[in-house]
Amino acid sequence: YTTLFRSMLELPLLDPRQQLATTSRILLSGYHRRRTSACYGSYHPPGRETLDVLAAKLPEEDSLRELGELGFTTLVVHTPKGFLPALRLSARLARAAEEGRLRSVYRDERHAAYQLLPAPPPQAGTGMGTPSARPR
């Protein structure tokens, strides 16, 4: 329960000055009552550059892991009709879900949501400190 209802990263990330698109995302947060990356104002909030870099790398494993470490548990992709960057991102995330790297939790013609999965634990016997990994 607690992991599914933590922070949402709303994609694609928009410049805070794109108020028309951002306003609807903020309005929807009144219904789902979750923390969201959607905001707007006269400046970029601290950490925004980090989010831009991580979002650009999605769905790479490092990006998914780092977003989870930042407290995000859900990715929501808004795909307005004809907005190719969002449609491409949505397709990449859908493939990652098919591969088992994300869990698809919602999809319609304008939105898709994915739950970040916990990182798998390290496999025993793969570290340098284990007898099987030491050179002989």
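Is the crossing of H2 and H3 left-handed or right-handed?

A: The crossing of H2 and H3 is left-handed, a term used if the near helix is turned anticlockwise from the far one by less than a right angle, with clockwise giving right-handed. This is a predicted model, in which local features need pLDDT of at least 70 and side-chain atom pairs count only at pLDDT 80 or more, while totals for chains, interfaces and linings use all residues. Residues are numbered from 1 along each chain as its sequence is written, and side-chain values use heavy atoms, with hydrogens and water left out.

Helix H2 covers residues 48–56 and helix H3 residues 61–69, and the two pack at an angle of about 145° with their axes 8 Å apart; the axes are lines fitted to C-alpha atoms over the stretch in contact, and angles run from 0 to 180 degrees between N-to-C directions. On the H2 side the contact (heavy atoms within 4.5 Å) is made by Leu-51, Leu-54 and Ala-55, and on the H3 side by Ser-63, Glu-66 and Leu-67. Sorted by class, this contact has four nonpolar residues, one polar and one charged, where Ala, Val, Leu, Ile, Met, Phe, Trp, Tyr, Cys and Pro count as nonpolar, Asp, Glu, Lys and Arg as charged, and the others, Gly among them, as polar.

Most peptide bonds are trans. A cis bond is also found from Leu-11 to Pro-12, with omega near -10°, and Pro-12 lies in the loop between strand E1 (7–11) and helix H1 (19–32).

Within helix H2 itself, Ala-56 has 60% relative accessibility and so counts as exposed, the limits being over 50% for exposed, under 20% for buried and partly exposed in between, with a 1.4 Å probe and protein chains only. The C-alpha atoms of Ala-56 and Leu-13 are 9.2 Å apart, although 43 residues separate the two in sequence.

Between Leu-116 and Leu-64, which are 52 residues apart along the chain, the C-alpha separation is 7.0 Å.

As for the setting, the protein has four helices and four strands, which are DSSP runs (H or I, at least four residues, for helices; E, at least two, for strands) numbered from the N terminus, and their order from that end is β-α-α-α-β-α-β-β. Of the 136 residues in the protein, 34% are buried, and among contacts between residues at least 6 apart in sequence, 58% join residues at least 24 apart.

The confidence of the prediction should be kept in mind: the mean pLDDT (the predictor's confidence in each residue, from 0 to 100) is 77, and 60% of the residues reach 70 or more. Over residues 129–136 the pLDDT is below 50, and this stretch has nine contacts in the model beyond near neighbours in sequence.
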